[in-house]
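Thanks for coming, everyone. Please bring the structure up on the screen, and we will walk through it together.

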Amino acid sequence: MSTVSLLSDDDLAPEARAVFDDIRATRQVEHVNNFWRALAHDPAQLAAIWNRLKGVMGPGALDPLTKEMIYIAVSAANSCAYCAHSHTASARAKGMSDEMYAELLAVIGMASQTNALANAMQVPVDDAFKAT
């Protein structure tokens, strides 16, 4: 259950409405996700998070599908069910196949296991792996 109400378009402050308009235009969609509707209670934070997300997830050295798959992995590590669902849907829309998703989950599981073991054993980092 949400700890804040999800604001409808009719309940938005003008500043939040402007962000919703940009979300719709940028994503070329009509639907604005519940995450944004929850954040809309604080229009300044809504705008800051949206603008940061546009920059990070926008064009860059990594392709959009890779960025979504990284988001899925971090969402799994942080136990964020909402983000895992949202970014899995987005990755699928960007071309992630069932085979790619299965392999991604295998990598996430493997990394989680080896990270936990290395952390538990406090294995020192090899000099060859350290940045110069």
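Let me start with a term. A salt bridge here is a side-chain nitrogen of Lys or Arg within 4 Å of a carboxyl oxygen of Asp or Glu. Two caveats. This is a predicted model, where local features need pLDDT of at least 70 and side-chain atom pairs count only at pLDDT 80 or more, while totals for chains, interfaces and linings use all residues. Residues are numbered from 1 along each chain as its sequence is written, and side-chain values use heavy atoms, with hydrogens and water left out.

So, how many salt bridges does a search of the whole structure find? The search finds 7.

Take Asp 9 and Arg 24. Their closest N and O atoms are 2.8 Å apart. Asp 9 sits in the segment before H1 and Arg 24 in helix H1, so this pair ties together parts that are 15 residues apart in sequence. When I say helix, I mean a DSSP run of H or I of at least four residues; strands would be E runs of at least two, and numbering goes from the N terminus. Now accessibility. Buried means under 20% relative accessible area, exposed means over 50%, and partly exposed is in between, with a 1.4 Å probe and protein chains only. Asp 9 is partly exposed at 22%. Arg 24 is buried at 14%. The pair also belongs to a network of salt bridges that links Asp 9, Arg 24, Glu 30 and Arg 37.

Next, Asp 22 and Lys 54. Their side chains form a salt bridge at 2.6 Å, N to O. This one links distant parts of the chain: Asp 22 is in helix H1, Lys 54 is in helix H3, and they are 32 residues apart. Both partners are partly exposed, Asp 22 at 26% and Lys 54 at 30%.

One more bridge. Arg 92 meets Asp 98 at 2.9 Å, N to O. Arg 92 is partly exposed at 36%, and Asp 98 is exposed at 53%.

On to the rings. Rings of Phe, Tyr and Trp, using the six-membered ring for Trp, pair if their centres lie within 6.5 Å; planes under 30 degrees apart are stacked, over 60 edge-to-face, and the rest tilted. That rule gives 3 aromatic pairs. Why is the pair of Trp 36 and Trp 50 called edge-to-face? Their ring centres are 5.4 Å apart and their planes are at 85°, so they fall in that class. Trp 36 is in helix H2 and Trp 50 in helix H3, so the pair ties together parts 14 residues apart in sequence. Trp 36 is buried at 3%. Trp 50 is buried at 2%.

Points join across faces, edges and corners, and volume is the space filled by probe spheres set on them. The largest pocket holds about 610 Å³. Its lining has 24 residues, and the closest to the centre are Arg 27, Leu 53, Glu 68, His 87 and Ser 90. Which helix gives the most to that lining? H5 does, with 7 residues. H1, H2, H3, H4 and H5 each supply at least two. By type, the lining divides into 13 nonpolar, 7 polar and 4 charged. Nonpolar covers Ala, Val, Leu, Ile, Met, Phe, Trp, Tyr, Cys and Pro; charged covers Asp, Glu, Lys and Arg; the others, Gly among them, are polar.

Look at Glu 68. This residue lies in helix H4 and is buried at 6%. Contact means heavy atoms within 4.5 Å. Leaving aside neighbours within four places in sequence, Glu 68 contacts Met 57, His 87, Ser 90, Ala 91 and Lys 94.

Last, the backbone. Most residues other than glycine have a negative phi. Gln 28, in the loop between H1 and H2, has a positive phi of about 55°. Gln 28 is exposed at 74%.

Notes
1 Å grid on protein atoms, 1.4 Å probe; cavity = no way out; pocket = protein on both sides within 12 Å on 5 of 7 lines; lining within 4 Å.
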